[in-house]
Amino acid sequence: MKKLFYIVSLLSILSCKTQDKPNILWITIEDTSPQFIGCYGNESASTPVIDKLADEGIRFTNAFSTGTVCAASRSTIITGVRTFKMGTGHQRSQYPIPDDIKGFPYYLKQLGYYTTNNSKTDYNIANEKDFIKEAWDESSNKATWKNREKGQPFFSVFNFAESHQSRTMSWTFEQYEKHVWDHLPEEDKIADDAFDIPPFYNDTPEMRKQFARVYNSIKLTDNRIGELLQKLEDDGLKDDTIIFFYADHGEGIPRAKTTGINLGYRVPFVVWFPEKFKHLSPWKIGKSTEDLISFEDLGPTMISLLGGEVPDYMNGINFFSDNSKENNKRLLLSTDRVDNGLDLVRSVTDGRFLYSRNFMPFVPEARYIHYLEIADITKHMRKDLNHNKLNAFQSRIFDERPYEVLYDIENDIWEEHNLAENPNYKSVLEDMRQFMDSTLLASKDVLFMTEYSMVNISETQKAYAYRLDDTKYNFKEIYRVASLSGKKGAEVTKTQIDLLKSNDDMVRYWASIGLMSQDKSLLEPYEKELNEALQDEYPPVAITISAMLYKKFKSKSSIEILDNFAKSDNWTLALMSINYMLYFQDRAPFEPTIEALLKNENLNWHVKSACLDFMQSQELRKAI
């Protein structure tokens, strides 16, 4: 009898302890920068629900997504591992990851939590279904906290798509009206003249019509969040629930989402504590904090907060800890290929400044991505560009980028003034560079590898482990050569030409990438070496050199090589070839090939998107 009493008492204690654990509600929204939220100082924005959470909670002013597009961002959020370690940075690539890397909700389940996700996954990994099943008790558009056991704490995610780029720019205006405008009460709708246009856009009636979509989409999102919080309260759960609110990356407009600058990375982020759990907050309730946090920190913070042990592969901080400020003095951020839009940017921020290194500076900020190109706002911008109606700042989005930029993001929120060559900021620049170099070299960034090679190695092993083997992936040398990209001059050109003879495929590739930025006059003395490189046994080198020779010299042999690779059954080679074509002034020689590819019903999705971009841009040119 005593033994039975002991067991009953123990179970009762455990039950009470379980019920005393905080519930966690994550409210995630899509494609939103803090500049367009009321509590971040925008008086034109109507976001009373979000503002109230911030007024009663803690508003983070230095929260950053680790990427600038959803799939890459969510890969880091769910695993706690950076994309440049696992190879998960390219949009909707599905490379395998190590079996011992779990979605962090898996560890919450071990702590007794009921985990639900409503409903976006998009984690950018292979075997996603098994990964999802292991991480979540429920993951669907009907998932909620209601199916948990009595007294069981929950970790629930609700993702709202009302602010997604589809609504703010990519859908037709009629679709926007149907899915956003028509769902807003009249008093909630913002007029076209009731806000300021960011200065990198031309302030015209048409631009205002399009940009009002941002404010109205965020307003509808705020309304939806209010409905969810009411459900939480109706179920009697608000007093036991810590609420997190944030966006997955920057605003879904040209020069924000997908772009490796502050407008692509910085996100609104708020934590709200009920009275019962305010003691868990290291910050003063109702205030803001300048603490630097990134998405790498979310998994470790949740596991630590709820009493678990953070696995060794997670290198983010628990930002609820007292020493988080010391651990996060600078953040390394990244952006890579988005759909068909090739790119590689690595960025560093300390909250006051943001430094970005463009390793493919010949690609403009306005990359040719179908989702952007079909939008009326982009068409309007390109039309104004063609008619010389844009000022220098507004037209810069369509130009080749400098290889490095430094912005004072505290005093220049729209990132207009590049301080990289300003001697007054030399020490800041050198500090940022040094941090980037040391962090990337320590991490052995695997995304400096071409996707062509990534696909090949993923058939037998995982990129996460591959990068650590110096005999296979000599990142120190690869990074040295990649760091020349964008730097111009006779000496650099000669070095890059010489490197085309390297035995390392990736070194030769980065030498060819660097040559894309060199002036024609500097390349002319090396006609023999460049023509030899057209026959390089490593296809990405042959493709890149072909693109460079066509762009600079209108080489006829390059047309045939690019056409042949565009037709390749290997989607990475086809995508690379077509992506280069998008930035040629004269694309007419390639039109027959692109038209023929689009007739293929089984065309790879990435390649099809690139082909659609090609045809879209050709039609737009003719229209304006």
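Guide: Leaving aside its neighbours within four places in sequence, Phe319 is in contact with Phe60, Phe244, Phe269, Pro282, Trp283, Ile293, Asp297, Leu298, Thr301 and Ser324. These contacts, like everything that follows, are computed from a predicted model.

Phe319 belongs to the largest nonpolar core, which has 111 residues. Within this core, Phe319 is one of the five residues that touch the most other members, the others being Trp26, Phe155, Phe244 and Phe269. Helix H9 provides the largest share of the core, with 10 residues. Another core lies apart from this one; it comprises 89 residues, including Phe359, Leu603, Cys611 and Phe614. In soluble globular proteins, nonpolar side chains tend to be buried together.

Cys611 has a relative accessibility of 0%, and because the limit for a buried residue is under 20%, Cys611 counts as buried. The 3% relative accessibility of Cys70 places that residue in the buried class as well. As for disulfides, which require a pair of cysteine sulfur atoms within 2.5 Å, the count comes to zero.

To return to H9, this helix covers residues 205-234. After H9 comes Gly236, whose phi is positive, near 70°.

S6 (residues 154-160) has seven of its seven residues buried, so the strand is largely enclosed by the rest of the structure.

S6 has parallel pairings with two strands. Strand S1 (residues 23-29) runs parallel to S6 and is joined to it by six bridges, with Leu25 opposite Ser156. Strand S4 (residues 114-118) is likewise parallel to S6, through five bridges, and here Asn118 stands opposite Phe158.

A further strand, S11 (residues 331-335), is also mostly covered, with five of its five residues buried. Leu331, Leu333 and Thr335 point one way from S11, while Leu332 and Ser334 point the other way. S11 pairs with strand S12 (residues 345-349) in the antiparallel sense over five bridges. In this pairing, Leu331 has Thr349 as its bridge partner, and Thr335 stands opposite Val345.

These two strands are part of an open, antiparallel sheet of four strands in the order S11-S12-S13-S14. S11 and strand S14 (404-408) stand at its edges with a single partner strand each, so one side of each is left without a neighbour in the sheet. From one strand to the next, the twist averages 20°.

Technical notes:
Residues numbered from 1 in each chain as written. Predicted model: local features only at pLDDT ≥ 70, side-chain atom pairs only at ≥ 80, totals over all residues. Heavy atoms only, no water. Buried < 20%, exposed > 50% of the residue type's maximum accessible area, 1.4 Å probe, protein only. Pairing = 2+ DSSP bridges. Axes fitted to C-alpha atoms, helices over the stretch in contact; angles between N-to-C directions. Expected span 1.5 Å × (residues − 1). Core = buried A, V, L, I, M, F, W, Y, C linked by side-chain atoms within 4.5 Å. Contact = heavy atoms within 4.5 Å.
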